[in-house]
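This briefing goes through a protein model by topic. Please look over the sequence and the coordinates before reading on.

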Amino acid sequence: VTAIRSPGSTLKPLLYAMAIDDGLITPKTILLDVPLNYGDYSPENFDKNYSGKVSAEEALARSLNVPAVYLMNQLGVGKFTSNLKKCGFREIQKQSDKLGLSIALGGCGVSLEELVMLYSSYANEGKLVRINHKDGARDLDTVQVISPESAFLISDMLSKLERPDFPSGYRNVRGVPNIAWKTGTSYGRRDAWSIGFNEEYVIGVWVGNFSNEGVSYLTGASVATPLLFELFRELSQKHSRKWMKRPENLMKRNVCIESGSVASDFCDNLVEDYYIPLVSSQRKCEHLKEEYVNEDETVSYCESCCPEEGYKKKLYENHPKDLINYFD
């Protein structure tokens, strides 16, 4: 449990939680899953495909790499690694000066024990619980890693069943309690992870070869998660359906489904979204803009230079290129 391995995508929940706490995203915020370059680094998704516009909650549930690297670039590698060092990640403490954007995708070293402690924060109002190996120990050593609000939101996002990493053949399993979980598969398929939690337990599963040899069929979803589900079913004798209580400071609002931003006067397709008052962005949606044009729509005017007659108002959709600048 203390061996250093590549975490695959298992650090993404922390990245999304920190992005929520920094006001960068809410669950319905739209992120771009398109080819992006960061100098000489161009992240790719696991399946080599791109989905265009996706919500933050969908990007996390599908474990998309490109939106994760985008968020890491916005948040800052230094801020992310500082939090991991506070959590007790030993190898990251040693290598922090050498780590870059790829840490979002598992470009670092962690242990199973460290991951399980990190995931305890999602189930414990953002407070990491350090593992105590002493018999009879009652005092908990905790560290506040993220806010209670983002911990709840990450738990909510990772508890949804409509996900590509739901193991085939397990969709109708009975007796498994309510859990949230995240899978991870390292580069070269050398490590398969599945870390799950609920109010009772945090369980981490790693599958791989001690020789570090990769196996073509080794993925977190197909190998590690079925075992995780079995462990939860055996341990949770009461098969509890309870879930974490929503923090009082976590509110809901309607946002534009096209951008996930606060709706403007032109937005007519709305969806309900969680947000943290005084933290989440209040930026109005710019998916649609109003423009002054002449009658045949060949000339556009600014509001101050619009003629007294011979013009009309027109709504137009931001070009994808403009949207990239908008999200940046």
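The model is predicted: local features need pLDDT of at least 70, side-chain atom pairs count only at pLDDT 80 or more, and totals for chains, interfaces and linings use all residues. Residues are numbered from 1 along each chain as its sequence is written, and side-chain values use heavy atoms, with hydrogens and water left out. The protein chain has nine helices and 12 strands; helices (H or I, at least four residues) and strands (E, at least two) are DSSP runs numbered from the N terminus.

**Overall figures**

- Of the 328 residues in the protein chain, 47% are buried; buried means under 20% relative accessible area, exposed over 50%, and partly exposed in between (1.4 Å probe, protein chains only).
- The accessible surface of the protein chain is about 16800 Å², and carbon and sulfur atoms account for 47% of that surface; accessible areas come from the Shrake-Rupley method with a 1.4 Å probe, and for residues only the protein chains shown count as cover.
- Among contacts with a separation of 6 or more, 63% are between residues 24 or more positions apart; a contact means heavy atoms within 4.5 Å.

**Nonpolar cores and surface patch**

- The largest nonpolar core has 61 residues, and Phe80 and Leu118 have the most contacts inside it; a nonpolar core is a set of buried Ala, Val, Leu, Ile, Met, Phe, Trp, Tyr and Cys residues joined through side-chain atoms within 4.5 Å.
- At least two residues of this core come from each of helix H1 (12-21), helix H2 (56-61), helix H3 (65-75), helix H4 (77-86), helix H6 (112-123), helix H7 (148-157) and strand E6 (191-197).
- Leaving out residues up to four places away in sequence, Phe80 touches Leu11, Leu14, Leu15, Met18, Met72, Leu75 and Ile103.
- In soluble globular proteins, nonpolar side chains tend to be buried together.
- Tyr201, Leu227, Leu231 and Leu235 make a nonpolar surface patch of about 310 Å². Patches are made of residues with over 30% relative accessible area and no salt bridge, with like charges joined within 9 Å and nonpolar side chains (Val, Leu, Ile, Met, Phe, Trp, Tyr) within 5 Å.
- Leu235 lies in helix H8 (residues 220-235) and is partly exposed, at a relative accessible area of 40%.

- Nine of the 10 residues of H1 are buried, among them Leu14, Leu15 and Met18.
- In H8, the buried residues are Gly220, Ala221, Ala224, Thr225, Pro226, Leu228, Phe229 and Phe232. They pack against strand E5 (180-185), E6 and E7.

**The E6-E7 hairpin**

- E6 and strand E7 (residues 202-208) are paired in the antiparallel sense over seven bridges; two strands pair if DSSP finds at least two bridges between them.
- The hairpin formed by E6 and E7 has four residues between the strands.
- Trp193 has Trp206, in E7, as its bridge partner.
- Asp191 is in strand E6, and its C-alpha atom is separated by 6.9 Å from that of Trp206, 15 residues apart along the chain.

**Salt bridges**

- The structure holds 13 salt bridges; a salt bridge is a side-chain nitrogen of Lys or Arg within 4 Å of a carboxyl oxygen of Asp or Glu.
- Asp191 and Arg5 form one of them (2.5 Å, N to O). Asp191 lies in strand E6 and Arg5 in the segment before H1, so the pair ties together parts 186 residues apart in sequence.
- Both partners are buried: Asp191 has a relative accessible area of 2% and Arg5 one of 12%.
- Beyond its neighbours within four places in sequence, Asp191 contacts residues including Arg5, Ser6, Gly184 and Trp206.
- Asp22 and Lys79 also form a salt bridge (2.8 Å, N to O). Asp22 is in the loop between H1 and strand E1 (30-33) and Lys79 is in helix H4, 57 residues apart.
- Asp22 is partly exposed at 36% relative accessibility, and Lys79 is partly exposed with a relative accessible area of 42%.
- Lys48 and Glu44 form a salt bridge (2.9 Å, N to O); Lys48 is exposed at 55%, whereas Glu44 is partly exposed at 40%.
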